[in-house]
Amino acid sequence: MLAAFAASAALAADADSELLAQGRALFLQGAVPPCAVCHTLKDAGSSGAIGPLLDELQPDADRVVSAMKNGIGLMPSFRTTLDDAQMRALARYVSKASGGAK
């Protein structure tokens, strides 16, 4: 039983790693415009000066999804360019990389 639990945990970790990798790729270049153009995020090596510094803001994933869907300030909505799964992946990455994930 312990082995099954360990295998399940390993699969979950692999799935999260894949989700984070997809989110990072979207942050750097997949989103149009790429998030890295406007936002600073140390993990991504980005130093955008238009949007908030994500390492300081440390948003949770729900906050990131809301901003992507609705736009906020100068940030446009990504509703027509990213699907829900892509937004969730990007939000998970930003939240985890910035320290906002609990």
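1. Helices (H or I, at least four residues) and strands (E, at least two) are DSSP runs, numbered from the N terminus. Just after helix H5, glycine 99 adopts a positive phi of about 95 degrees.

2. The model is predicted, with local features requiring pLDDT of at least 70 and side-chain atom pairs counting only at pLDDT 80 or more, while totals for chains, interfaces and linings use all residues. Residues are numbered from 1 along each chain as its sequence is written, and side-chain values use heavy atoms, leaving out hydrogens and water.

3. The expected span of a helix is 1.5 Å times one less than its number of residues. For the 15 residues of H5 (residues 84-98) this gives 21 Å, in agreement with the 21 Å between its end C-alpha atoms.

4. Buried (under 20% relative accessible area, with exposed over 50% and partly exposed in between; 1.4 Å probe, protein chains only) describes Met87, Ala89, Leu90, Ala91, Tyr93, Val94, Ser95 and Ser98 of H5.

5. No disulfides (cysteine sulfur pairs within 2.5 Å) are found in the whole structure. The sulfur of cysteine 35 lies 8.4 Å from its closest cysteine sulfur, in cysteine 38, and is therefore too far for a bond. Cysteine 35 is buried at 10% relative accessibility, whereas cysteine 38 is partly exposed at 22%.
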